[in-house]
Amino acid sequence: MSSSLPVKPASASGQSTSSSTSINSSQNRSWWRRLWLLALFVALGATTATVTWLKPETHSLDYAVCSANRTIYTVDSALPNVQCIVVHDTLISDTGDLGDVTLRWRDQWWSEIPLAGVIHLPWPFNFLEPSLRVINIQPDSIVVPGMTDAHAHMLQYGFKMNLNLEDCTSIDEVLSHLKAYVISHPDILGDPTRWIEGMGWDQNKWTGAQYPHADDFDREPLLRGRRISLARIDVHASWVSNRVLQLMAPLPEDIDGGLIIRDEHGKPTGIFVDNAMDLIPSQPFSKARAMEYFTRATSDALAVGLTSVHDAFSVPEEIHFYKKLSETHKLPLRLYLMGSVNSDDYWGSQIPRLIQHGFGGRLTVRSVKLFTDGALGSFGAALLEPYSDNPSTSGIMRVQPEVPAKLVREFSIDGWQVNIHCIGDRANHVVLDIYEDILANASFSIDALRPRIEHAQVLTLDDIKRTGKLGVIPSVQPTHATSDMWYAEDRLGPKRILGAYAYRTLLNASPNRVLPLGSDFPVEGINPLLGFYAAVSRLSVKGDSPHGSGGWYPSERLTRAEALKGMTFDAAYASFSEDILGSLSIGKKADFVVLDRDIMTVPMEDILGAKVTATVIDGEVEYGNL
């Protein structure tokens, strides 16, 4: 083959006419050797598919998201802001400056290629080498870890959206909403035996702030005689029609842990508080309705940047619904369920224990939810002293202390995390006594149990210190503070209010500086930025408060970094998942959100204007686009 190469004529003696001839021949032979070697690798790649550098599309799932302004907030103290994150499969594989991550990605790519140390593709064939796909966000945009709501109710959210009464400012507005709802649903309009169920009314928004009455429904002819049951905004009281009262008769005189509101003649008014709500007939669990409610909840959650939700009240039927769904489909987001059964006896065997279960491992059930008291808005929060604006009551303890004491011990022995609803200072005090007794036993590890108090809303200052001393996790909802601030001090008085909604004080008391944030949606709005804004401003969405534009008890504000950590890393810690979630760190799940403005630096009043442009879970876009 070498004879076909162009060479200069030889001399008569057979020697080369110049020394350059041998050099050229050597170069030509080297060129041909490279060509043969390239052809060999082409053949190998075409026949065995082992030479992956001939198929750059096989690396198309790897990509980097970059910000020229380094506004990728990692919530990783070792590297809080970076220019880029690199996604490989479902994980974050690298973080740092674009040049550095590109170089490391290429080195990693070459390390996986057979004979990579022997040959590199020469120009012009190096175009076959894949390059890392880089996605640059807009200059004003930011990236944050996927946001978690540490206390919410998925199916209840879908239920509320079916007939939402939250914006009603009077009984007449409620009746108007109900009338419009009946007219728009022909199946209900034509059948007065069909139930009308809704949620969201709040008498504190009405003139006089008095509970409504069953007779109010009868003022509207279209509603008269119908079966109506409406849950209060906090789901700790229900308002029913006279037809429902007829179905419930006869009613007991008293209910342990609950209250049947009666008029001056002893006749029920249609208002049932806390445990008394269990007397109200309810529709049986329906998989079809559950799917409808779940679809609505997940769609709305992803649109506002939620990638994980701690569902704070999951009954066995709902858990089995989620379990079956996760085994046939990948859940749209991550769910951390708190199982709940209305029983004073141990019920751990009634719910499955699931860790990263189903397709994508997005379902976990390893915690339980217990209750102690009601809510402040319905005078159900259990206080150590009577309400300042209603001295006739100190609230409602829904259970006697020995019941949760027994259950906490049994669930802890069985390895369940225990999360207990506590609003009032009496309820919080009782539960801290229980946790303190449990943790005094050396066989129980605080890190293994990670006990939580859900809401931790009103505590004595001494009990706030005790949460930190014990290592109990207070799981709080900042929008509760800005929703309740208009009447909370009237309820509690000037002294008790100092230990209420005290997020800065709770965080400072925490030995690990952990304060998971949630919303309690649908009690509050589903958008996590509402909680972020409330935590850092202590203002209403209109920018005001009982203390003016400086915020309600502004000394209890969190910094923006603390608030972001509360809805990312701290929520992950509270669900035993800080090793895989909660920050944009190498090796963790590629869950992140792109916002169209920098909530960490924009003026306070601009935070709530931020929009989600992409919600990414396991490296896949679940909402919007990159």
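How many helices and strands does the secondary structure of the protein come to? This predicted model has 18 helices and 23 strands, each a DSSP run numbered from the N terminus (H or I, at least four residues, for helices; E, at least two, for strands). Local features need pLDDT of at least 70 and side-chain atom pairs count only at pLDDT 80 or more, while totals for chains, interfaces and linings use all residues. Residues are numbered from 1 along each chain as its sequence is written, and side-chain values use heavy atoms, with hydrogens and water left out.

**View 1. Overview of the protein.** Of the 626 residues, 52% are buried (under 20% relative accessible area; exposed is over 50% and partly exposed in between; 1.4 Å probe, protein chains only). Contacts (heavy atoms within 4.5 Å) between residues at least 6 apart in sequence join residues at least 24 apart in 71% of cases.

**View 2. The aromatic pair Phe159 and Tyr293.** The whole structure holds 18 aromatic pairs, counted for rings of Phe, Tyr and Trp (its six-membered ring) with centres within 6.5 Å; planes under 30 degrees apart count as stacked, over 60 as edge-to-face and the rest as tilted. Phe159 and Tyr293 are edge-to-face because their ring planes stand at 80°, with the centres 6.2 Å apart. Phe159 belongs to helix H3 (residues 154-162) and Tyr293 to helix H7 (residues 287-303), 134 residues apart. Both Phe159 and Tyr293 are buried.

**View 3. The aromatic pair Trp201 and Trp239.** The ring centres of Trp201 and Trp239 are 5.8 Å apart and the planes are at 80°, so this pair is edge-to-face. Trp201 lies in strand E9 (residues 195-201) and Trp239 in strand E11 (residues 237-240), 38 residues apart. Trp201 has a relative accessible area of 0%, and the value for Trp239 is 0%. One aromatic cluster is formed by Trp201, Trp206, Tyr211, Phe217 and Trp239.

**View 4. Strand E11 and its partners.** In a regular strand, side chains alternate between the two faces of the sheet. From E11, Ala237 and Trp239 point one way and Ser238 and Val240 the other, and all are buried. Strand E10 (residues 227-232) runs antiparallel to E11 and is joined to E11 by 3 bridges; strands pair if DSSP finds at least two bridges between them. Ser229 has Val240 as its bridge partner in E11. The E10 and E11 hairpin has 4 residues between the strands, and Val235 in the turn has a positive phi of about 60°. Another 3 bridges join E11 to the antiparallel strand E13 (residues 268-274), where Ile271 is the bridge partner of Trp239.
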